[in-house]
Amino acid sequence: QLQPVESGGGLVQPGGSLQLACPNSVTTLSDWTVGWFRQAPGKEREGISCISADDGNTYYTESVKGRFTAVRDFADHTVSLQMKSLKPEDTGVYYCASGLMYGADCLIPRYYDDWGQGTQVTVSE
């Protein structure tokens, strides 16, 4: 199993940048699809970005396209989420998760089995 653990959350001003990391405990990172999800207060968890294990394609939800970038680092067994031009509506608890689905389905939370504990991102003055 892949065991996601998020890190890198915090408080940032609008327009700022933040990078989240999801190091994993196994060496077969390429066998697992890894997704990033966000849950704002009072809202459902939504898929932000994911990297499909079958072909390495990366998918993004529309609201973060052009601002967020997900990257796999096989040497460090880490999947990172680089976030820039952050907006107040990006505020929420961010989770990484691993699963064995492929393609655009990797943005759907219910397909994932293993979740990290979450890290808070707050975008505010």
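Okay, let's start in the middle. The largest nonpolar core has 19 residues, and the ones touching the most other members are Trp 36, Phe 68, Leu 81 and Met 83. By nonpolar core I mean a set of buried Ala, Val, Leu, Ile, Met, Phe, Trp, Tyr and Cys residues joined through side-chain atoms within 4.5 Å. Buried is under 20% relative accessible area, exposed is over 50%, and partly exposed is in between, using a 1.4 Å probe and protein chains only.

Quick note on what you're looking at: this is a predicted model, where local features need pLDDT of at least 70, side-chain atom pairs count only at pLDDT 80 or more, and totals for chains, interfaces and linings use all residues. Residues are numbered from 1 along each chain as its sequence is written, and side-chain values use heavy atoms, with hydrogens and water left out.

As background, nonpolar side chains tend to be buried together in soluble globular proteins.

Now zoom in on Phe 68. Leaving aside neighbours within four places in sequence, its contacts (heavy atoms within 4.5 Å) include Arg 38, Ile 48, Leu 81, Met 83 and Tyr 94.

What do its side-chain polar contacts look like? One of 2.9 Å joins Arg 38 to the side chain of Asp 90, and one of 3.0 Å joins Arg 38 to the side chain of Tyr 94. A polar contact is a pair of N or O atoms within 3.5 Å; within protein, one must be able to donate a hydrogen and the other to accept it, and residues adjacent in sequence count only if both atoms are side-chain atoms.

Next, strand 10. Strand 10 pairs with strand 1 (residues 10–12) in the parallel sense over three bridges, with Leu 11 opposite Thr 122. Strand 8 and strand 10 run antiparallel, joined by three bridges, and there Gly 92 stands opposite Val 121. Pairing means DSSP finds at least two bridges between two strands.

Last stop, the disulfides. How many are there? Two, counting cysteine sulfur atoms within 2.5 Å. Cys 22 is joined to Cys 96, S to S 2.0 Å, and with 70° about the S-S bond that link is right-handed. Cys 22 sits in strand 2 and Cys 96 in strand 8, 74 residues apart. Cys 22 is buried at 0%, and Cys 96 is buried at 0% too.

The other disulfide is Cys 50 with Cys 106, sulfurs 2.0 Å apart. Cys 50 is in strand 4 and Cys 106 in the loop between strand 8 and strand 9 (114–115), 56 residues apart. The torsion about their S-S bond is about 65°, so this disulfide is right-handed. Counting bonded cysteines along the chain, the pattern is 1-3, 2-4.

How values were computed. Helices (H or I, at least four residues) and strands (E, at least two) are DSSP runs, numbered from the N terminus.
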